[in-house]
Structure formats: C-alpha cells, structure tokens
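Let's take a walk through this model, starting with the overall layout and ending on one helix. Keep the structure open beside you as you read.

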Amino acid sequence: MATELKNLSVFSTENLPDISKRRFALVVAEWNAEVTEALFEGAYQTLLQYGATADNIVRGNVPGSFELSLGAQWFAQRNDIDAVIALGCVIQGETKHNDYINHAVAQGLTHVGVQTGKPVIFGVLTPNTQQQALDRAGGVHGNKGDEAAMTAIKMLGLQQQVYSFHN
C-alpha cells in the first residue's frame, strides 16, 4: 500500500513477544536531522510503549544514511544486541545521488541482517521533498520510526517462533 494511503503509526499489535529483556540498537543518520530525530523519537517511544526498557536501548549516530550499514553491522556483531533499527532520510534533490545511496543502504542493511541472523530494520525515508519526509516523520502519514520499531519487535517474535520449533 502506498504511504499516502496508510498511516505508518497504525499497525497490528496482536501476538507481540515480550521484549522486556531484549536489547535494541538505534543507528541514526545525522544528515536531515530534523527528520531523523523525529524518526528516532518515534522508534524509541514505540519500543518503550511495547515493553522495552530504556536501559536496553542504545543509540549510535552516523554522519549520513550511507554510513547506516556499517554502523548497523558494528551493533549487530555485539552479542548483547538483539535487533538493530537504522533510521535515515535521503531526499531526492537535483541529482541521482539518492538512487545510489538508497540502493546501497538497502543492500547493506539486508546483508548485515542475513550475515548476523539478527533483525536489521530499514527505517530510511526516501521521499521526493522535505515536506514528504516531515509528513512521514510524525506528520500526517504517521512516523516511519514507529513502524521500524514495530517491525523489529515482530521480527524478534518470528525469530523466537522459528527457533522454539527448532529446539
């Protein structure tokens, strides 16, 4: 469903796992800080709302969205981190730089998740304009940070389900 038809802060909360002992890393791009700080707040508050403790949430900043993959990898390699949420914003602009950045970040984060076996969540906005970014970072379309946090929670639930059947 297109984001303009969906509120990013509205999602199903059925059968969520207990995350009170789970540890989360939020990797936040400093570029487009007005947007990424709003994404961080959304993700952070959603994690707390659904059972995470503040002591189990760690934040790391990277200069821009391109650096999210390496920042995510460093956190995902830690034994005490259960899930990583990468938060960034790449606005289209006048050149095609956004295509290269967005593709690299998506591939990089996917690789980190597959390599580590941990949820690594793509919480990166890829809007055409600053206003579209603000609309998706706590504005009229909700907050992609909320959605990214809920995705991390649900992936931890799936991981628990898969591995509980395995044992």
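The protein chain has five helices and six strands. Bear in mind that this is a predicted model. If you trace the chain from its N terminus, the elements come in the order β-α-β-α-β-α-β-α-β-β-α. The radius of gyration is 15 Å, close to the 15 Å that the globule rule gives for 167 residues, so the chain is as compact as a globular protein of that length. Laid along its principal axes, the set of C-alpha atoms fills a box of roughly 50 × 30 × 30 Å.

How much of the chain is tucked away? Of its 167 residues, 45% count as buried, meaning under 20% relative accessible area. Take the contacts in the chain with a separation of 6 or more: 79% of them are between residues 24 or more positions apart.

The accessible surface comes to about 8,800 Å², and carbon and sulfur atoms account for 53% of that.

Finally, zoom in on helix α2, which covers residues 68–76. Which of its residues are buried? They are L68, S69, G71, A72, F75 and A76. Look down the axis of α2 and these buried residues fall within an arc of 165°, so they line one face of the helix. What do they pack against?

Conventions:
Residues numbered from 1 in each chain as written. Predicted model: local features only at pLDDT ≥ 70, side-chain atom pairs only at ≥ 80, totals over all residues. Heavy atoms only, no water. Helix = DSSP H or I, 4+ residues; strand = E, 2+ residues; numbered from the N terminus. Rg over C-alpha atoms; globule rule 2.2 N^0.38 Å. Buried < 20%, exposed > 50% of the residue type's maximum accessible area, 1.4 Å probe, protein only. Contact = heavy atoms within 4.5 Å. Areas by Shrake-Rupley, 256 points an atom, 1.4 Å probe, with all protein chains shown as cover. Arc of directions from axis to C-beta.
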